[in-house]
There are 2 protein chains.
Amino acid sequence: MSNAYNRPDQLSPELRRRVLDTARRLGYPGPDPVARSLRTRKAGAVGLLLTENLSYAFRDPAAIGFLEGLALACEDAGTGLLLVPANPEREDVASVHRAGVDGFVVYSVPDDDPHLAAVLERPVPTVVCDQPDLGTVDRVGIDDRGAMYELAKHLIDLGHRRIGVVCMRLARDRNDGFVTPDRQHAAHFHVQRNRLSGLAEAFSEAGVDWSQVPVAERFDHNTASGASGAAQVLDRDPQITALICTSDVLALGAMNEAARRGLRVPHDITVTGFDGIRAGEEAGLTTVRQPVLEKGRAAGKLLLDTNERSRPRSVNLATELIIGKTSGPPRGGAEERWFGP
Amino acid sequence: MSNAYNRPDQLSPELRRRVLDTARRLGYPGPDPVARSLRTRKAGAVGLLLTENLSYAFRDPAAIGFLEGLALACEDAGTGLLLVPANPEREDVASVHRAGVDGFVVYSVPDDDPHLAAVLERPVPTVVCDQPDLGTVDRVGIDDRGAMYELAKHLIDLGHRRIGVVCMRLARDRNDGFVTPDRQHAAHFHVQRNRLSGLAEAFSEAGVDWSQVPVAERFDHNTASGASGAAQVLDRDPQITALICTSDVLALGAMNEAARRGLRVPHDITVTGFDGIRAGEEAGLTTVRQPVLEKGRAAGKLLLDTNERSRPRSVNLATELIIGKTSGPPRGGAEERWFGP
DNA sequence: AATTGGTTCTGAACCGTTACGGTCCTTTCA
DNA sequence: TGAAAGGACCGTAACGGTTCAGAACCAATT
């Protein structure tokens with residue numbers, strides 16, 4: 001039976017025809033994929049776990065790029081890609097237990113996400129992406145800290161000392177407001193924690209008291225959040241000369257807010273992002289470009305590479321500082337430098 | 001064993017604790033999802049079949065919107081979404097046979113796609129989207145023909161009689177060039193066939209000889225294709241007053257080409273699209289807006305609705321004609337109308 | 001003491017496939 | 001003619017759960 005479908009060489013054409021004929025006559029729909037998976041111990045699919053609602057994956061430009069790369073890798077290997085529903089609001093990890101997959105890719109979830117813990121308990125290979133190196137599973141990422149440090153250096157060189165920051169969510173709880181240094185330090189999102197830490201390091205080296213820098217956190221990741229975060233920072237300190245956002249999406253929102261206030265970028269205020277998405281590029285945003293598609297592809301390749309010996313592996317992809325037209329010297333920056341620290 | 005994990009009420013807490021303890025000690029990783037699926041006959045996932053390479057789903061704005069809606073519906077139901085790799089170049093339908101899913105959504109594949117045939121042979125519910133009504137499975141779509149007819153009417157009312165068309169691929173073979181009426185009629189892509197047919201009907205009614213209208217087909221769906229298609233049409237007949245594209249992406253490309261030639265839209269030439277994507281909206285494109293997200297959500301709801309009695313169902317969603325600033329009367333249109341048919 | 005009722009626990013059957021090894025038949029060659 | 005070899009076919013045992021029937025046990029009732 002099985003042979004008739006999958007192993008035509010194991011039996012005579014005559015018998016094969018007869019088997020297939022009667023199978024059709026009996027209404028047999030072909031071998032059941034689930035039973036086959038059980039027997040062969042191959043599901044033919046990899047699971048993807050995201051921190052956000054499933055549909056978020058299709059709204060965020062960076063996530064879309066990552067998914068495209070991952071899909072590319074899956075396609076090459078002829079594997080399916082299973083999007084695992086993991087509602088961050090609920091602690092329900094049943095979906096992780098229920099997923100019939102040969103491996104997991106975990107993309108940018110908080111360190112303490114129960115879904116991540118559930119994945120790590122499953123006896124399948126796993127690749128974490130944009131997360132701390134766990135030492136036990138493969139990892140793909142970038143040097144968020146170093147890249148942000150470079151961006152900060154660029155701003156410092158331009159003369160900026162009085163700055164504000166808008167960042168994405170730092171933990172699983174919603175906190176749309178200013179962030180204490182403690183919260184920054186304890187942030188459960190690896191990416192945000194490292195980007196902030198790169199900023200803190202660079203500006204501290206330049207003599208800025210980081211604890212006085214207004215950092216506005218936003219739970220939702222869209223331009224509206226960028227705008228309201230920027231507004232909050234500007235209300236707190238109208239004197240800032242640069243607004244650093246930890247993503248391009250937030251930065252685009254911040255630019256909207258700047259425009260709304262009649263502030264010209266970069267003359268009145270410098271705005272920077274992070275990611276290197278298309279819309280940011282079109283806006284001439286100063287940012288760090290990271291290879292999101294390559295990140296997805298690398299994660300898929302790592303997961304589907306059957307060479308077990310070399311696990312766990314850790315891959316860091318290169319980023320590039322893009323100096324666009326949204327950054328410039330602070331207004332009256334030259335004079336300020338004379339009086340600066 | 002099973003009860004200890006899934007049915008805590010069926011046994012004493014004491015025994016449950018003992019079972020779980022020894023399970024952990026023996027390194028038991030929890031119930032195997034595949035074996036469970038086999039027994040319960042529930043995979044906890046729905047499959048998505050696309051005509052294009054998997055990664056295309058993340059590059060095309062309309063596809064992304066559809067996926068977002070579908071993901072939303074899956075999330076509500078706690079189901080996973082399996083992207084089935086279906087390379088259109090190969091006839092390899094094994095991926096369809098291998099997919100452990102409770103149902104399929106088939107999105108805009110050609111009528112004669114072997115993957116579609118393979119899906120229909122599987123004994124699971126199926127929803128086809130942007131495809132002809134098969135009568136045997138659920139269907140979600142829009143009235144492509146009627147919507148394009150309305151758009152054509154708008155152009156006819158403005159006075160356009162000499163037009164050109166750029167359309168997406170009509171069949172599985174690559175044909176980057178002009179399309180004969182025969183090929184239009186025999187097109188294997190339901191959506192394109194109907195949009196062209198709506199155009200043909202409207203313009204024929206207005207006295208235009210449709211067989212003389214240049215229709216350029218492009219296999220790849222991106223702005224470059226839109227530009228080259230527009231170029232081909234304009235080279236053939238520089239006198240056309242309107243360029244009708246069967247998608248917004250193509251239309252944006254066509255506008256690039258118009259600009260390259262120094263043609264001003266809509267003063268020198270009218271350009272229209274179809275879909276209602278964000279980028280088109282920002283460009284002020286005259287187009288037909290269709291609810292892509294709702295389409296995906298409706299497909300998911302239909303598939304996950306367990307009420308079998310009412311199958312098969314057919315859902316048509318409403319579209320809206322958006323008159324933007326890329327359509328206007330033809331240059332000297334008023335005079336031409338005096339001499340027109 | 002025997003019956004009844006209820007709860008907790010155990011064991012076996014089954015889901016549908018694939019892998020494997022054994023039987024049987026045919027062919028080849030000494 | 002007999003033995004060895006090879007090919008075709010078939011039967012059976014997992015794979016790892018879930019489910020359900022019924023055994024075992026305990027307490028309450030007759």
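Two salt bridges are found by the rule across the interface of chain B and chain A in this predicted model. One of these links the side chains of Glu68(A) and Arg59(B), with an N to O distance of 2.7 Å. Since the criterion for a salt bridge is a side-chain nitrogen of Lys or Arg within 4 Å of a carboxyl oxygen of Asp or Glu, the pair Glu68(A) and Arg59(B), at 2.7 Å, falls under it. Polar contacts across the interface of chain B and chain A amount to 4 residue pairs, with both residues at pLDDT 80 or more. On the side of chain B that touches chain A, two or more residues each come from helix H3 (33–40), helix H4 (61–77), strand E2 (80–84) and helix H5 (94–98) of chain B. By residue class, this side of chain B comprises 19 nonpolar, 8 polar and 9 charged residues.

The size of an interface is often expressed as the accessible area lost when the parts come together. Here, chain B and chain A bury about 3,200 Å² between them, and carbon and sulfur atoms account for 68% of that area. Of the area that chain B buries against chain A, 20% is supplied by Val34(B), Phe58(B) and Glu75(B), more than by any other three residues. In terms of contacts, 36 residues of chain B meet 35 residues of chain A.

Superposition of chain B on chain A gives an RMSD of 0.1 Å, through a turn of 180° and a shift of 0.0 Å along the axis. The relation is therefore that of a two-fold axis. Within chain B, Leu82(B) has the C-alpha nearest the axis, at 2.1 Å from it. Both copies use the same surface, as 97% of the contact residues of chain B recur in chain A.

Strand pairing also joins the two chains. Strand E2 (residues 80–84) of chain A pairs with E2(B) in the antiparallel sense, over 3 bridges. Within this pairing, Leu81(A) has Leu83(B) of E2(B) as its bridge partner.

Strand E6 (residues 163–167) and strand E8 (residues 215–217) of chain B are paired in the parallel sense over 3 bridges. Opposite Cys167(B) stands Glu217(B) in E8(B).

Terms used:
Residues numbered from 1 in each chain as written. Chains lettered and ligands numbered in written order. Predicted model: local features only at pLDDT ≥ 70, side-chain atom pairs only at ≥ 80, totals over all residues. Heavy atoms only, no water. Contact = heavy atoms within 4.5 Å. Buried area = accessible area lost by both parts, 1.4 Å probe. Polar contact = N/O pair within 3.5 Å; in protein donor to acceptor, adjacent residues only side chain to side chain. Helix = DSSP H or I, 4+ residues; strand = E, 2+ residues; numbered from the N terminus. Nonpolar A, V, L, I, M, F, W, Y, C, P; charged D, E, K, R; others polar. Pairing = 2+ DSSP bridges. Least-squares fit on C-alpha atoms with pLDDT ≥ 70 in both.
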